Amino acid sequence: EPAGVPVIVRALVARGPGAELRVERVRLPAPGPGEVRVTIRAAGVCHSDLSMVNGTLAATFPLVLGHEATGVVAEAGAGTRLPVGTPVVLNWAPACRACWWCRHDEPWLCAANTAPTVARGETEDGVPLHLTLGLGALAEAVVVPESAVVPIPAGLPAEQAALLGCAVLTGVGAVGNTARVAPGESVAVIGLGGVGLTVLAAARRAGATTILAVDVAEAKRDLALAAGATDFLLSDDRLSKEVRARTEGRGVDHAFECVGRAATIRAAWRLTRRGGAVTVVGMGAKDDMVSLGALDIFHSARTLRSSVYGSSDPDREVPVLAAELADGALDLRVLISGTVGLDDAPTAFDRLARGEGARWVVTL
Ligand code: APR
Ligand code: ZN
């Protein structure tokens, strides 16, 4: 394959909000200075992709979906350091290392990463293409800045390594970095998709002793218990009572919102004890407003924080998680409901939209 020329690859494209997803041939530019082309091996289907397709999150179209993936460096632009053949995980929040946030050890809030979609490449009929979170990873290949890839050891199971790039980094970081769950604490997790199930498993590893898993779908019960929950509770009008019955009447030390809706942020607030902490992991819609009483905010002395990308530095933390995957300390099989080829990726989106399973992974 010649270097320095554009390549045509197959990618999962949404032509507009609500439009049917289709695998299309798209043209990617050759990697420029500081950029690499990565051949994708596996990419997860995350709710943020779905939120862009269905209009919950702002996006520009035509859009290549996908932002949770692993692959191999196939071509390296001028001035890059990673050799061709290096296995990598993609990072959707590459840090500039120069802005105020990067200099203050909060690279997940890097000022260079505010756009949900980034223009790059074009469709085969010449329309400018946009990439989900700057990656567009549900494709045979991506061309990205080298800062958007993190090298990992060779030989990891691709469908598990892919999840390190979003759900796992986010869930593990929300527990360890943002909320700093301590041994013996109580935790409630609302929303049991790839993100929420990772939060459960991480809370168990952190030594939490009461781990309450909450979802609207009864079908999530077995998954939640397998991932580390001590109890599964349906999200209905008895929820508050059920949580208090398991926390000596107080509410949990930590509630994690992993849906991305005002109603579930409000529910997380109600389930948390006086002085406890609510961590918002879900990415909700701009106009979905949360209402809290001013006296309640004062009197309950709760903390409300969001966790962007697990408050993590992927360059530092993905290699740690990858090493744990390699030596068996981390096993992500419980998160993976199934793998499909790129042509069947639209069915994986349908299943996610119906709340079926945990993570669906596209393998290439
Ligand atoms: N109460 C409780 N659970 C709910 C509710 C509700 N009102 N509404 C939906 N859920 C559950 C669904 O049944 C599903 O199990 O939330 C879960 C969401 O899981 P996924 O769709 O798989 O989402 P995931 O990819 O885990 O992402 C969760 O994090 O990264 C963000 O944008 C992403 O906001 C999304 C969130
Ligand atoms: Zn994601």
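Trainee: How are H3 and H4 oriented to each other?
Mentor: In this predicted model, helix H3 (residues 158-178) and helix H4 (residues 194-205) pack at about 45 degrees with their axes 8 Å apart. Helices (H or I, at least four residues) and strands (E, at least two) are DSSP runs numbered from the N terminus; axes are lines fitted to C-alpha atoms, for helices over the stretch in contact, and angles run from 0 to 180 degrees between N-to-C directions. Angles under 35 degrees count as roughly parallel, over 145 as roughly antiparallel, 65 to 115 as roughly perpendicular and the rest as oblique. H3 and H4 are therefore oblique.

Trainee: How do the residues of the contact of H3 with H4 divide?
Mentor: Contact means heavy atoms within 4.5 Å. H3 contributes Ala167, Val168, Thr170, Gly171, Val172 and Val175, and H4 contributes Gly194, Val195, Thr198, Val199, Ala202 and Ala203. Ala, Val, Leu, Ile, Met, Phe, Trp, Tyr, Cys and Pro count as nonpolar, Asp, Glu, Lys and Arg as charged, and the others, Gly among them, as polar. The division is 8 nonpolar, 4 polar and no charged.

Trainee: And how are H3 and H9 oriented to each other?
Mentor: Helix H9 (residues 314-327) packs on H3 at about 110 degrees, the axes being 10 Å apart. Among the residues in contact are Leu164 and Val168 of H3 and Val318 and Leu321 of H9, and the whole contact has 10 nonpolar, 2 polar and 1 charged. H3 and H9 are therefore roughly perpendicular.

Trainee: Which residues are the protein donors of the zinc ion (ligand 2)?
Mentor: Donors are N, O and S atoms within 2.8 Å of the metal (3.2 Å for Na, K and Ca), and water is not among the atoms, so sites may look incomplete. The spacing along the chain is C-x20-H-x98-C. At 2.1 to 2.3 Å from the ion, the donors are Cys46 (SG), His67 (NE2) and Cys166 (SG).

Trainee: How far apart in sequence are the parts that Cys46 and His67 tie together?
Mentor: Cys46 is in the loop between strand E3 (35-44) and helix H1 (47-53), and His67 in the loop between strand E4 (63-64) and strand E5 (69-76). The pair therefore joins parts separated by 21 residues.

Trainee: In which order do the 5 strands close into a barrel?
Mentor: Two strands pair if DSSP finds at least two bridges between them. E2 (residues 22-28) and E7 (residues 117-123) are antiparallel over 2 bridges, and E7 and E8 (residues 128-132) are antiparallel over 4 bridges. The barrel has mixed pairing, and its order is E1-E2-E7-E8-E4.

Trainee: Which residue takes a positive phi in the hairpin of E7 and E8?
Mentor: Thr117 stands opposite Thr132 in E8. The hairpin has 4 residues between the strands, and the one with phi near 90 degrees is Gly126.

Trainee: Which peptide bond is cis?
Mentor: Pro62 is in the loop between H1 and E4. With omega near -5 degrees, the cis bond runs from Phe61 to Pro62.

Trainee: What conventions apply?
Mentor: Residues are numbered from 1 along each chain as its sequence is written, and chains are lettered from A and ligands numbered from 1 in the order in which they are written. Local features need pLDDT of at least 70 and side-chain atom pairs count only at pLDDT 80 or more, while totals for chains, interfaces and linings use all residues; side-chain values use heavy atoms, without hydrogens and water.
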